[in-house]
Amino acid sequence: MWLLLMILLSWQGYFPIQQEGKQWEYQGLHIDPSRKDTISYLYKEKIVGREKIDGREYYILESLSTGPDRETQTTPLRIDSSGVYAHTETFGEIKYYDRQDSIWYLFPDTVLVSEGDRQIKFCGIGLLKGREKIQTAIGTADALILDHLYSQELSRKTEKGSYEIIDNKHELHRMWIVENVGVVKSVEIDAVGNKRIELLKEVK
């Protein structure tokens, strides 16, 4: 309980997004499900500006990877007294971090996407795991561990009009976050077993 209280009292320092020009560079490793093929890549993030969306001000995070997903992406982020939020086209606003709870829903409602006789149901949960000492490029640091868990349920409409589940997949995104630095390590495991590990190389 005291650990959680201390984290909640000092939480804003773990997400230094309100600094235009702030940059992070990571060394990444993509491992396929067979664990035989690996791809090394660089991943860069930068706060490039601000933008108002639905009356709220967001800081724009630009990300670029030299790995399998060779494209530039932008993610609007905002921070307030209740937590950290990311704005997405598919899910609307995702609650990236909740200041008040150790477990929370990433988006308020289960998202349904219908295509013909198929229906896809998305659900996401955030989980504050605690702290851990971690060795990074900037030295040994005390990191906050944060999990994002996603589930994707695929259903098919039956002749009676109800839906039956034909597939259920899960994904994990775990982050180690250091105060006044941000994310220093992340591990993503997708629904088919692809794994990505990203380690901080430099922060500016």
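Ser186 sits in strand β12. Strands here are DSSP runs of E with at least two residues, helices are runs of H or I with at least four, and both are numbered from the N terminus.

Before moving on, note that this is a predicted model, in which local features need pLDDT of at least 70, side-chain atom pairs count only at pLDDT 80 or more, and totals for chains, interfaces and linings use all residues. Residues are numbered from 1 along each chain as its sequence is written, and side-chain values use heavy atoms, with hydrogens and water left out.

**Around Ser186**

Show the contacts of Ser186, meaning heavy atoms within 4.5 Å. Leaving out residues up to four places away in sequence, Ser186 touches His173, Arg174, Met175, Trp176, Arg196, Ile197 and Glu198.

Select β11 (residues 163-178) and β12 (residues 182-189). They run antiparallel and are joined by 7 bridges. Two strands pair if DSSP finds at least two bridges between them. Pick His173 next: its bridge partner in β12 is Glu188. Then go to the hairpin of β11 and β12, with 3 residues between the strands. Asn180 takes a positive phi near 65° there.

Ile189 has Lys195 as its bridge partner in β13. The hairpin of β12 and β13 has 5 residues between the strands, and Gly193 takes a positive phi near 105° in it.

**Tyr41**

Jump to Tyr41, in strand β2. At 2% relative accessibility, Tyr41 counts as buried. Its contacts, again without residues up to four places away in sequence, include Tyr26, Leu29, His30, Ser65, Arg196, Ile197 and Glu198. Draw a C-alpha to C-alpha distance from Tyr41 to Ile177: 21 Å in space, for 136 residues in sequence.

**The second largest pocket**

Which strands each supply at least two residues of the lining of the second largest pocket? They are β1 (23-31), β2 (38-53), β3 (56-65) and β13 (195-203). A pocket is an open set of points on a 1 Å grid over the protein atoms alone, where a 1.4 Å probe fits, with protein on both sides within 12 Å along at least five of seven lines; lining residues have an atom within 4 Å of a point.

Select the lining: Gln23, Trp24, Glu25, Lys44, Glu45, Lys46, Glu62, Ser63, Leu64, Glu202, Val203 and Lys204. By class, the lining has 3 nonpolar, 2 polar and 7 charged residues. About 150 Å³ of space lies in this pocket.

**Thr110**

Move to the loop between β7 (103-105) and β8 (111-115), where Thr110 lies. Thr110 is partly exposed, at 40% relative accessibility. Beyond its neighbours within four places in sequence, Thr110 is in contact with Lys121 and Phe122. Asp142 is 32 residues from Thr110 in sequence and 34 Å away in space, C-alpha to C-alpha.

**Zoom out**

Show the whole protein chain: 1 helix and 13 strands. Its radius of gyration, taken over C-alpha atoms, is 18 Å, close to the 17 Å that the globule rule (2.2 Å times the number of residues to the power 0.38) gives for 204 residues, so the chain is as compact as a globular protein of that length. The C-alpha trace spans about 60 × 45 × 35 Å along its principal axes. Of the 204 residues, 39% count as buried.

Key:
Grid points are joined across faces, edges and corners, and a volume is the space filled by probe spheres set on the points. Ala, Val, Leu, Ile, Met, Phe, Trp, Tyr, Cys and Pro count as nonpolar, Asp, Glu, Lys and Arg as charged, and the others, Gly among them, as polar. Buried means under 20% relative accessible area, exposed over 50%, partly exposed in between (1.4 Å probe, protein chains only).
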